[in-house]
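Biologist: I would like to learn how to read a model like this. Please take it feature by feature.

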Amino acid sequence: MREYERKGLLERVEREAATVGARIPEEIEVQGEPIDLQSFVFEIKRRETVPPGERDRVERAKRNLRRERLERLERIEENEVSYERGEELAASIIGIDRALEALEGLNAPDPETEAERQAAADRKRWMNFLKKALGRDDAGGGRTRF
């Protein structure tokens with residue numbers, strides 16, 4: 001593979017909107033084992049929330065997919081493959097990214113809950129700022145000594 005071809009593939013994979021319109025691969029080999037990725041993602045996403053018993057399975061799948069993505073990316077980066085194989089790897093990386101996006105979105109809270117969490121975090125940051133600005137230590141009363 002030529003250098004400009006390799007760079008083009010890497011750029012395509014890292015593009016922010018690379019997964020727009022991308023399909024999750026039906027089957028993918030991860031760590032030497034075939035996985036029905038599309039059916040797994042759809043099965044998990046079909047539910048409103050991930051049941052406690054399934055969370056470990058989903059987290060393990062996400063870790064394995066990230067690891068596989070990295071390995072495939074390194075094969076392109078290190079120029080170990082032909083351009084045709086690089087094209088296949090790039091397409092599979094984008095498919096993995098699409099699956100990861102779908103799985104990551106499962107744990108996202110609804111907008112109302114997220115807004116409440118943000119407001120609480122903002123209040124906490126503001127209180128910490130005021131304590132420091134007023135010279136109070138974390139113990140809650142005395143002046144900070146330098």
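Modeller: Start with the surface. A nonpolar patch is built from residues with over 30% relative accessible area and no salt bridge, with nonpolar side chains joined within 5 Å. One caution: this is a predicted model.

Biologist: Which residues make a nonpolar surface patch here?

Modeller: W126, M127 and F129 make one of about 360 Å². F129 sits in helix α5, residues 111-133.

Biologist: How much accessible surface does the protein have, and what share belongs to carbon and sulfur atoms?

Modeller: About 10400 Å², with 49% belonging to carbon and sulfur atoms. Of the 146 residues, 29% count as buried.

Biologist: Now the fold. How many helices and strands are there?

Modeller: There are 5 helices and 2 strands. Read from the N terminus, the order is α-β-β-α-α-α-α.

Biologist: What share of the contacts joins residues at least 24 apart in sequence?

Modeller: Count contacts between residues at least 6 apart in sequence; 63% of these join residues at least 24 apart.

Biologist: Next, the interior. What is the general idea?

Modeller: In soluble globular proteins, nonpolar side chains tend to be buried together. In this model, the largest nonpolar core has 16 residues. L37, F40, V41, L65 and L103 have the most contacts inside it. The elements giving two or more residues to this core are β1 (28-30), α2 (37-46), α3 (52-77) and α4 (83-104).

Biologist: Which element gives the largest share of this core?

Modeller: Helix α4, with 5 residues. Take L103 as an example. Leaving out residues up to four places away in sequence, L103 touches F40, V41, I44, V58, K62 and L65. There is also a second, separate core of 9 residues, which includes I76, L89, A90 and I93.

Biologist: Where does I24 lie?

Modeller: In the loop between α1 and β1.

Biologist: Is I24 buried or exposed?

Modeller: The cut-off for buried is under 20% relative accessible area. I24 has 9% relative accessibility, so I24 counts as buried. With residues up to four places away in sequence not counted, I24 touches L37, Q38, V41, G95, R98, A99 and A102.

Biologist: How far apart are I24 and I94, in sequence and in space?

Modeller: They are 70 residues apart in sequence, yet 8.4 Å apart in space, C-alpha to C-alpha.

Biologist: On to charges. What is the idea there?

Modeller: Side chains of opposite charge can pair when their charged atoms come close. This structure holds 13 salt bridges. One of them joins the side chains of R6 and E3, at 2.3 Å from N to O.

Biologist: Why are R6 and E3 separated by about one helical turn?

Modeller: Because they are 3 residues apart in helix α1. R6 is buried, at 13% relative accessible area. E3 is partly exposed, at 38%.

Biologist: Which pair links distant parts of the chain?

Modeller: R69 and E14. Helix α3 holds R69, helix α1 holds E14, and 55 residues separate them. Their side chains meet in a salt bridge of 3.6 Å, N to O. R69 is buried, with a relative accessible area of 16%. E14 is partly exposed, at 47%.

Biologist: How far apart are the closest N and O atoms of E88 and R85?

Modeller: They are 3.0 Å apart, and the two residues form a salt bridge. E88 and R85 both lie in helix α4, 3 residues apart, about one turn of the helix. E88 counts as partly exposed, at 47% relative accessibility. R85 is partly exposed as well, with a relative accessible area of 32%.

Biologist: Which residues are linked in a network of salt bridges?

Modeller: E59, K62, R66 and E104.

Biologist: One last residue. Is E5 buried or exposed?

Modeller: E5 has a relative accessible area of 16%, so E5 is buried. E5 is found in helix α1, residues 3-14.

Biologist: What lies 2.9 Å from a polar atom of the E5 side chain?

Modeller: The backbone nitrogen of R2.

Note on methods:
Residues are numbered from 1 along each chain as its sequence is written. This is a predicted model: local features need pLDDT of at least 70, side-chain atom pairs count only at pLDDT 80 or more; totals for chains, interfaces and linings use all residues. Side-chain values use heavy atoms; hydrogens and water are left out. A nonpolar core is a set of buried Ala, Val, Leu, Ile, Met, Phe, Trp, Tyr and Cys residues joined through side-chain atoms within 4.5 Å. Buried means under 20% relative accessible area, exposed over 50%, partly exposed in between (1.4 Å probe, protein chains only). Helices (H or I, at least four residues) and strands (E, at least two) are DSSP runs, numbered from the N terminus. Contact means heavy atoms within 4.5 Å. A polar contact is a pair of N or O atoms within 3.5 Å; within protein, one must be able to donate a hydrogen and the other to accept it, and residues adjacent in sequence count only if both atoms are side-chain atoms. Patches are made of residues with over 30% relative accessible area and no salt bridge: like charges are joined within 9 Å, nonpolar side chains (Val, Leu, Ile, Met, Phe, Trp, Tyr) within 5 Å. Accessible areas come from the Shrake-Rupley method with a 1.4 Å probe; for residues, only the protein chains shown count as cover. A salt bridge is a side-chain nitrogen of Lys or Arg within 4 Å of a carboxyl oxygen of Asp or Glu.
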